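Thanks for coming. I will go through a few local features of one structure, beginning with a single residue and moving on to the helices.

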Amino acid sequence: MGLCVDLNCDMGESFGNYKIGMDEEIVPHISSANVACGFHASDPVVMQKTVQLCKDSGTAVGAHPGFPDLSGFGRRQMKVSLAELKAMVMYQVGALKAFTTAAGLKLQHVKPHGAMYNMAGKDHDMALAICEGIAAVDPSLILLGLSGSELVKAARETGLKAASEVFADRAYEEDGSLVARTKPGAMITDENEAISRVIGMVKDHRVTAITGREVEVAADSICLHGDSPKAVLFAQRISAALQEEGIEIRPMSDIVSA
């Protein structure tokens, strides 16, 4: 297999009468979808429709569990016990797995959302609780976590396959973590800059931090955010740029098992 990478996007984040994201327009350009599971966003009807959308487009499906914080979109930190965190993950992964099973699909991966993702990226105990919750539901699932994070380390400790994720539209700190959304420059809004950074992360395994320092990264999967104003444009142009560079877009199950 030549140079290849997974292209993922958070999806299924609408709920009730509220529409969030441009799932139908983005899904043709990605290889994996992180589907919200009802805690930070989504509802059963949206979950079912999103799984069907992915099936129709041939896009691999992953669960995107978060904190129970609908009004904060799961981006506010919560203090919960490790047992509660594990149960939250099991509950949400199990719920989405019911819909993939009903659709005749295999759930591919799990990617924690928002504050849960960022907190567990630095807190090994939280990361371990999340991975134990995933493994309890289905040990064949892939953990998708930030490159170099505690999530990736914990996945390997628990026997899960791990895919290292990089971000097309987020700035990095020197330690490899993401710049907090509350800070200036946290989001990459220029598509040309995003493309250049993505190619560098995939080919050279490096990205320039917000301070100007070069940071090493592993890039099994590239994340796009489906709720950003330029989401469709980013998906189209990054997908095309990767192919122009001879980088094949494949679901992460093909990459981490290679």
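Phe73 counts as buried, because its relative accessibility is 13% and buried means under 20% relative accessible area, with exposed over 50% and partly exposed in between, for a 1.4 Å probe and protein chains only. Before more of this, note that we are looking at a predicted model, where local features need pLDDT of at least 70 and side-chain atom pairs count only at pLDDT 80 or more, while totals for chains, interfaces and linings use all residues. Residues are numbered from 1 along each chain as its sequence is written, and side-chain values use heavy atoms, with hydrogens and water left out.

Back to Phe73. This residue is not a glycine, yet its phi is positive, about 55°. Phe73 sits in the loop between β3 and α3 (82-102); helices here are DSSP runs of H or I with at least four residues, strands are runs of E with at least two, and both are numbered from the N terminus.

His205 also has a positive phi without being a glycine, with a value near 60°. Its place is the loop between α7 and β7 (206-208). Is His205 buried or partly exposed? At 43% relative accessibility, His205 counts as partly exposed.

Next, strand β3 (residues 60-64), which contains Val61. Val61 has a relative accessible area of 2% and is buried. Which residues does Val61 touch, leaving out those up to four places away in sequence? Among them are Ala33, Val35, Val51, Cys54, Leu96 and Leu105, where contact means heavy atoms within 4.5 Å. Leu105 is 44 residues from Val61 along the chain, and their C-alpha atoms are separated by 8.2 Å.

Now the helices, starting with α8. Helix α8 covers residues 231-244, and at 1.5 Å a residue its 14 residues should span 20 Å, which agrees with end C-alpha atoms 20 Å apart. The expected span is 1.5 Å times one less than the number of residues. Buried residues of α8 include Ala231, Phe234, Ile238, Ala241 and Leu242. An α-helix has 3.6 residues a turn, so residues three or four places apart point the same way. The cover over the buried residues of α8 includes β1 (4-11), α1 (23-26), α7 (191-204), β9 (221-224) and β10 (248-249). Just after α8 comes Gly246, with a positive phi of about 75°.

How do α7 and α8 pack? Their angle is about 40° and their axes are 10 Å apart; axes are lines fitted to C-alpha atoms, for helices over the stretch in contact, and angles run from 0 to 180 degrees between N-to-C directions. That makes α7 oblique to α8, given that angles under 35 degrees count as roughly parallel, over 145 as roughly antiparallel, 65 to 115 as roughly perpendicular and the rest as oblique. On the α7 side the contact includes Ile195, Val198 and Ile199, and on the α8 side it includes Phe234, Ile238 and Leu242.

Another pair is helix α4 (residues 114-122) and helix α5 (residues 124-137), at an angle of about 120° with axes 5 Å apart. These two helices are therefore oblique to each other. Met116, Met119, Ala120 and Lys122 of α4 meet His124, Met126, Ala127 and Ile130 of α5.

Last, helix α6 (residues 150-157) has Glu150, Leu151, Val152, Ala154 and Ala155 as its buried residues. Their cover includes α4, α5, β5 (142-146) and β6 (161-167).
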